[in-house]
Amino acid sequence: MAADRPRALAARWMILGEWRAHPMRAVTAAVAIAVGVALGLAVHLVNASALNEFSQAVSTVNGDAELQVRGVSPAGFDEALYPTLARLPGVAATSPVVELEAGAKGADGPVTLIGLDVLRAAHVTPSLLGRPSGADAAHGPTSEAAFDDNAVLLSRAALDALQVKPGDRLDLTAAGRTVPLAVAGTLPGVAEGQQIAVMDIAAAQWRFGQIGKLQRIDLRLEQGADAGRVRAAIARVLPADAQLVSRESEARRSDALSRAYRVNLDMLALMALLTGGFLVYSAQSLAVARRRAQFALLRVLGVRRRALLGQVLAEGAVVGLAGGVAGLGLGLALASGVLALLGGDLGGGYFGGVEPELVFAPGAALVFLVLGLLTAMGGSLIPAREAARAQPAVALKNVGDSVDPRVAPRIWPSLLLLAVGAAAAFAPAVGGIPLFGYGAMALLLAGGVAAMPWIARTMLTPLQRVRVAGAAVDLAFKRLWGAPSQAAVALCGIVASTSLMVAMAVMVSSFRGSVDDWLGQVLADDLYVRAEASGGGFDPATQAALARTPGVARMVFQTSTSLRLSPDQPPLAVLIRPFDARRMPMIDSATPPAGATPVWVSEPAAWLYGWKPGQSITLPISGQAAPFFVAGVWRDYSNQHGAVSLDSADYTRLTGDAFRAGAAVELAPGAKPETVIAALRARMPPGLSVDFAEPKTLRAFALRLFDRSFAVTYGLEAIAILVGLAGVAATISAQTLARTKEFGMLRHLGVTRSQIVAMLATEGAVLGAVGVLAGIGLGLVMSQVLIHVVNPQSFHWTMETQLPWTLLASVAAALVAAAAGTALLAGRRALSADAVRAVREDW
Amino acid sequence: MGRLFAILAALLVLASPAATQTGPVLPLYPQVRPGRVLTFPADHGAHPEFRTEWWYVTGWLKTEGGQDLGFQVTFFRSRPSVDQANPSAFAAKQILFAHAALSDPKLGKLLHDQRMARAGFGLAEAAVGDANLIIDDWTMRRAADGRFLTKVGGKAFTLDLAFRPTQPPLAQGEGGYSRKGPQPSQASHYYSLPQMVVSGTVTRGGKAVRVTGSAWLDREWSSTLLDPKAVGWDWVGLNLDDGGALMAFQVRDAAGKALWAGGSLRGKDGAVTRFTPDMVRFGAERLWRSPRTGGRYPVERSLSVRLPQGERRWMLKPLFDDQELDSRTAGGPIYWEGAVTTQGGRGYLELTGYVSPMKL
């Protein structure tokens, strides 16, 4: 023990001495870790806060009901279920509810219209009870306004959205009917931001054409009732068009809605951390390389290998801890700033309209701190092993590169990593998250970086034999060949950041290109008409009249609804239109047997529900589970949670619903869109609010949405690139500054200052070029994992690879220039010292 | 008797029709007219065309341990003025609600519970033809043997009681036409079943106790009850020890003056004396102030009736003071409904409009 104390002292002294001599190197490494931790934490906190707010909003709409029976589609289910449920043992109270999406002229977004029996709701969902305004206020929540079939109570957000105040008249449109109502009061129990309108259930059924139908029944169980048994009893009496959902399954559903997206952003944020790890690696490698003789001396003096290893690791740990703690503070500030400025939506559109409070998650903070620490220690591990392994006698004598340039670097460890990574890419998703896909990316990256010494050697060896005119270039080539480990260290940072950036860029460009192609195919008509969702749409007579409008060659009516197949999953979109293979980017198909009703399922739906062409499935389209034949799988980017397409005639036959909310118009040759729009408008039934759009507008809108949802992705990627570039700059400048003595020697040998500068620029450029080439190669491989594994597993859609050539070329040029430029600048500084002093300078 | 309009008030005001463009089909409420003959068992059942109706049982119970308890079980039916054209099964064309309260002097305050629902789906119904009422798990019906059976209650207590009539129905007013105000239209159809024998169980804290006792059933239905100047009313129904039955009420104005009064005394021999407004006088002997609502109730009263054989005076003493019931959470009023004793009899006293005026 006695001998340990001076050793520990020596270790501390050495660490502090190193940092005092090169403070910026340690600080840069710590900052890189801090940025990674901060980004990871901020993204996680923003998403968690938004999700939290989102779930709260969901539970307000549901009025805190413990359990709910919901219709699988917006059409709802037969109200006869209500007395059946109310009589079940263990059910303390039931509240039948009509729930419709409503709108009004000039309204800001849709309002959820809830038809409530206040006498029942009082025992199940009291937060949905209103406060009547005016004279009736004294009578409490179950007062008259609740039964008046002209009265509607509005939440604060709904008052704002509809631009009315209590006492005003309001024409509310839902399920295709517009009803004049009086705003009779407010809904103080409804959470902020929720646009909810409540009226009497009987009035809602009557006025909005829902006689005999309910969309949901809220339930409260008896205290002490066996919840499992009651649920089972409820499940036994449910018809096919209703399903039991609980607060937990709703939470799972809202979680499922955005989980893949959130994990994706988390992973992106971690890339910055990973790049930070490589920065720590290069900083530590340099520090170790320069102190090789120091370490050797310590070994000779009796310090064990283990102690040296521990010391270098401890250096990394201190850097990681400092960076991590700073990162936590930075991340928290960043998250609250983002929430204050942008709200909870990071661009995915999942949390639009949600204004969350920052929810601090100590667990997540700890995880990110530990990740930061592990990254920094991981970055120090290889240099630490190298320091410990060096032969003291050799190291003491040889101050140069520890690696003998004549020995070819080993390639098999990196090949092993690459192989395992490639294998991991073929593993399935875990719980809807492509864990193995992300793992494959990390392994490929590690393998690629580990292969760098070998690749550098392979790429630089031909250069070494090249006879070049200039001494500077010749010197640069020789130097790069002669100091392979230094070259490899610099290359690591370049390769890591380039490959990640290229992988992302290729994925995004492939995605965008595929979406663009897809838009071109699905938006093949000349004009699109859309009636307001709550307006019910066009009845068959109107459809016929509209189709006869002059200038219209063909008018195809379509509509959509939704279907909940599982309580844990977001609803499936149901698109109803006449089947037309030209308008559907088919991936796979099967011919339906005679008599079968065909359904075409979208790629995400096929993925989520395991449907294959040729399969028979049941869908509760018309209240009862009806059999359908899967006639094809089509590419769809618009419904992440799946869509099915039914032929218009089949849908009408099954449901009797011949109303359609939209139409695609093919214009007659020579017809002008404006003229046709005006003619169509003139034929619209009064009171129906209709939008017209041309495909180019829709396409531009869709791509704008796409870019917005990738804005945060771009931002995070840019930060990762900046961290990578900073790493490259720091590594190269540090290496250059460490070569002051070498420059002095060259000057004594007659090499001119400008020749040395040219040599350094060439070295930097060659190094950069090698790194960028390798990085692009690795990035292309990783992009295939993103395109074929991570994206399909997260979002259930596939895409065709499309390379962003311009972007790749410009980033490659920028990286080479940055490497050369940094080397040049650092070289100038190193050369500013007096040549004589430089040679004398010794440690 | 005109009891608990206030509960109805909320619902009826609610029904005040806001003019709609489509022109709602509003209910036509029949007028209460003299000369209608009460027929049974049909009049035990509901009269859904009338605006309001109730089945109102009050009484005294004695437990096996010999303890006195008061109780009230009331089912109300209301026909709000909603659009009759609404085909929805949820249309609030009939609303049912029920109150139950238990007066235990040991507790010193009321235990009470309520149910309220719009009629329909078999979950809440008031049958026509004979008494048969249901609101979820609460029921009151007349069995084949003529007994009224009721099951009501909630977390705090449940009552499972049978009431056996021992006397023929007592038609109040002129053969069941009972005036409530200066206008002939301000009236109700009204009969009582006094001196019913009670048997059953009272359950509290999971413990069921067998009880016996005597009860009073009031049945009333009407479309117009109160004069606009009325702010509240006082009512008392007493089962006299000799088999007689006394009922008296007054409708008060804002100054506390009687706008209208009435009642009846059926002697042990079955002879009925009907009270005209000038015959009845309520006096306040002692006031009790509610610590919760600040309402000041004359919980100890004198009732003077000028009978043909001379004025008689009954002193009414409460089982205990705090028998106030606050039903505002269910959209109802605050009122005092309590078990009282008198010389040679026991019954229930109702005091309304002491916290805020009852409006119709």
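Visitor: What makes S7(A) and S8(A) a pair of strands?
Guide: Two strands pair when at least two bridges are found between them. Six bridges join S7(A), residues 169–174, to S8(A), and the two run antiparallel, so they count as paired. Leu172(A), for instance, stands opposite Val179(A) in S8(A). Bear in mind that this is a predicted model.

Visitor: In which sense do S6(A) and S8(A) pair?
Guide: Strand S6(A), residues 151–154, pairs with S8(A) in the parallel sense, over four bridges. Here Ala151(A) stands opposite Ala182(A) in S8(A).

Visitor: Why is S8(A) called largely enclosed?
Guide: A residue is buried if 20 or more other C-beta atoms lie within 10 Å of its own. Seven of the 10 residues of S8(A), residues 177–186, are buried, so the strand is largely enclosed by the rest of the structure.

Visitor: Why are H15(A) and H16(A) called oblique to each other?
Guide: H15(A), residues 452–465, and H16(A), residues 471–482, pack at an angle of about 140°, with their axes 9 Å apart. Roughly antiparallel would need an angle over 145 degrees, and the two helices are therefore oblique. Their crossing is left-handed.

Visitor: Where does H11(A) have a kink?
Guide: A kink of about 35° lies at Leu381(A), shortly before the proline Pro383(A). H11(A), residues 362–389, reaches 40 Å from its first C-alpha to its last, close to the 40 Å expected.

Note on methods. Residues numbered from 1 in each chain as written. Chains lettered and ligands numbered in written order. Predicted model: local features only at pLDDT ≥ 70, side-chain atom pairs only at ≥ 80, totals over all residues. Expected span 1.5 Å × (residues − 1). Bend = angle between axes of the 7 residues up to and from the residue. Buried ≥ 20, exposed ≤ 12 C-beta atoms within 10 Å, placed from the backbone. Axes fitted to C-alpha atoms, helices over the stretch in contact; angles between N-to-C directions. Parallel < 35°, antiparallel > 145°, perpendicular 65-115°, else oblique. Left-handed = near helix turned anticlockwise from the far one by under 90°.
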